[in-house]
Amino acid sequence: MSGPSNLNLWHRIEGYNFDQPGINLPFSARLARENGWPSEFAQRVVENTKNSST
């Protein structure tokens, strides 16, 4: 990524929490359930996907 607007976007993506508090079935839990993954693995997948955007 290059340029200030892309850097700003990257920081917003990096800081985004896909598992918002108060949600009955957070994104990573749904991802784990639908793929038959352990919840810890699904959380790592989400983090690794966010980090692979660099």
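Trainee: What makes Trp37 count as partly exposed?

Mentor: Trp37 has 29% relative accessibility, so it counts as partly exposed; buried means under 20% relative accessible area, exposed over 50%, and partly exposed in between (1.4 Å probe, protein chains only). This is a predicted model, where local features need pLDDT of at least 70, side-chain atom pairs count only at pLDDT 80 or more, and totals for chains, interfaces and linings use all residues. Residues are numbered from 1 along each chain as its sequence is written, and side-chain values use heavy atoms, leaving out hydrogens and water.

Trainee: How many aromatic pairs does the structure hold?

Mentor: The structure holds 3 aromatic pairs. Rings of Phe, Tyr and Trp (its six-membered ring) pair if their centres lie within 6.5 Å; planes under 30 degrees apart count as stacked, over 60 as edge-to-face and the rest as tilted.

Trainee: Why is the pair of Tyr16 and Phe18 called edge-to-face?

Mentor: The ring centres of Tyr16 and Phe18 are 4.9 Å apart and the planes stand at 85°, so the pair is edge-to-face.

Trainee: What makes the pair of Trp37 and Phe41 edge-to-face?

Mentor: Their centres are 5.0 Å apart and their planes at 85°, so this pair is edge-to-face. Phe41 has a relative accessible area of 33%, so it is partly exposed.

Trainee: Which residues of helix H2 are buried?

Mentor: In H2 (residues 27-35), they are Ser28, Leu31 and Ala32. Helices (H or I, at least four residues) and strands (E, at least two) are DSSP runs, numbered from the N terminus.

Trainee: How do you know that the buried residues of H2 line one face?

Mentor: Seen down the helix axis, they fall within an arc of 100°, so they line one face of H2. The arc is that of the directions from the helix axis to the C-beta atoms.
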